[in-house]
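Here is a friendly briefing to read with the model open beside you. Take the topics in any order you like.

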Amino acid sequence: MLYRIVHKFIEVNGLKLHVAEIGNISSPAVVFLHGFPEIWYSWRHQMIAVANAGYRAIAPDFRGYGLSDPSPATEDIGFSVLVDDVLAIVDSLDINKILSSEEEYGIEDPVIKNPMLLIVGEKDYFLKFPGVEDFITSGTVKQFASDLEIEYVAEGSHFVQEQFPEKLNRLILAFLHKHS
């Protein structure tokens, strides 16, 4: 079946956030989350491949990115705000929750418990920020994403999904088939 990417705005935590999605709304959902300075568009190749494989692909523009409203105050920007926004988006799209929140489990920091895939270009400048590479390679990241799989792309930079779309499509679809 041929799908088109559909754009919508969702009221989330007092802001209007832009979300792009493609695929059958009754299919299992895959949420693509981008880094700075990207928007949903950086995932377009992967979204189409995932939808063609029978999934529903969703990619939001975070607060202040793309067509989403900016946060009203800089102190509102952080990991917990991102998690809250993603949970609200998932809820508003009527998708079974993929994250656990502090309200549900009485914990201080949200923990992602479902299988997740992180694809990193080995030449990504983000890895050179103080503590980032060690956070990932030491396994500390698994305190926040307990079922995280990490794939490295040797020649990839920060824009690995744009540089090697077919390779990422294969990695993502293999991950999805493994966990379906």
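Let's begin at a spot on the outside: Asp 94 has a relative accessible area of 70%, and because exposed means over 50%, this residue counts as exposed. Keep in mind as you look around that this is a predicted model. The protein chain holds six helices and six strands, and 42% of its 180 residues are buried.

**Backbone spots to look at**

- Asp 94 sits in the loop between α2 (79-92) and α3 (102-105).
- Although Asp 94 is not a glycine, its phi is positive, at about 60°.
- As background, most residues other than glycine have a negative phi.
- Asn 13 also has a positive phi without being a glycine, with a value near 50°.
- You will find Asn 13 in the loop between β1 (6-12) and β2.
- Asn 13 has a relative accessible area of 47%, so it counts as partly exposed, a class that lies between the 20% and 50% limits.

**The chain as a whole**

- Following the sequence, the order of elements is β-β-β-α-β-α-α-β-α-β-α-α.
- Of the contacts between residues at least 6 apart in sequence, 65% join residues at least 24 apart.
- The protein chain exposes about 10,100 Å², and carbon and sulfur atoms supply 56% of that area.

- β4 covers residues 56-60, and five of its five residues are buried.
- Arg 56, Ile 58 and Pro 60 point one way from β4, while Ala 57 and Ala 59 point the other way.
- Residues on both of these sides of β4 are buried.
- Strand β2 (residues 15-22) runs antiparallel to β4, and four bridges join the two.
- Within that pairing, Ile 22 has Ala 57 of β4 as its bridge partner.
- Strand β3 (residues 29-31) pairs with β4 in the parallel sense, over three bridges.
- Ala 57 in β4 also has Val 30 standing opposite.
- β3, helix α1 (residues 44-52) and β4 together make a right-handed β-α-β unit.

**Helix α1 and what covers it**

- Which residues of α1 are buried? They are Arg 44, Gln 46, Met 47, Ala 49, Val 50 and Ala 51.

**Aromatic rings**

- A search of the whole structure turns up six aromatic pairs.
- One of them is the tilted pair of Phe 32 and Trp 43, with 5.1 Å centre to centre and 35° between the planes.
- Phe 32 and Trp 43 are eleven residues apart, and each lies in the loop between β3 and α1.
- Both Phe 32 and Trp 43 are buried.
- Tyr 125 and Phe 129 make another tilted pair, at 6.2 Å centre to centre and 45° between the planes.
- Tyr 125 is partly exposed, because its relative accessibility of 38% falls between the 20% and 50% limits.
- Phe 129 is likewise partly exposed, with a relative accessible area of 44%.
- Tyr 125 and Phe 129 share one aromatic cluster with Phe 126.
- Elsewhere, Lys 16 lies over the face of Phe 9, at 5.0 Å from the ring centre.

- Leu 118 belongs to strand β5 (residues 116-121).
- Which residues does Leu 118 contact, leaving aside its neighbours within four places in sequence? They are Ile 136, Leu 148, Glu 149, Ile 150 and Glu 151.
- Leu 118 and Ile 172 are 54 residues apart in sequence, and their C-alpha atoms are 9.5 Å apart in space.

How values were computed
Residues numbered from 1 in each chain as written. Predicted model: local features only at pLDDT ≥ 70, side-chain atom pairs only at ≥ 80, totals over all residues. Heavy atoms only, no water. Buried < 20%, exposed > 50% of the residue type's maximum accessible area, 1.4 Å probe, protein only. Pairing = 2+ DSSP bridges. Right-handed = clockwise from strand over helix to strand, strands pointing away. Contact = heavy atoms within 4.5 Å. Areas by Shrake-Rupley, 256 points an atom, 1.4 Å probe, with all protein chains shown as cover. Phe/Tyr/Trp six-rings, centres within 6.5 Å; stacked < 30°, edge-to-face > 60°. Lys NZ or Arg CZ within 6 Å of the ring centre and 35° of its normal.
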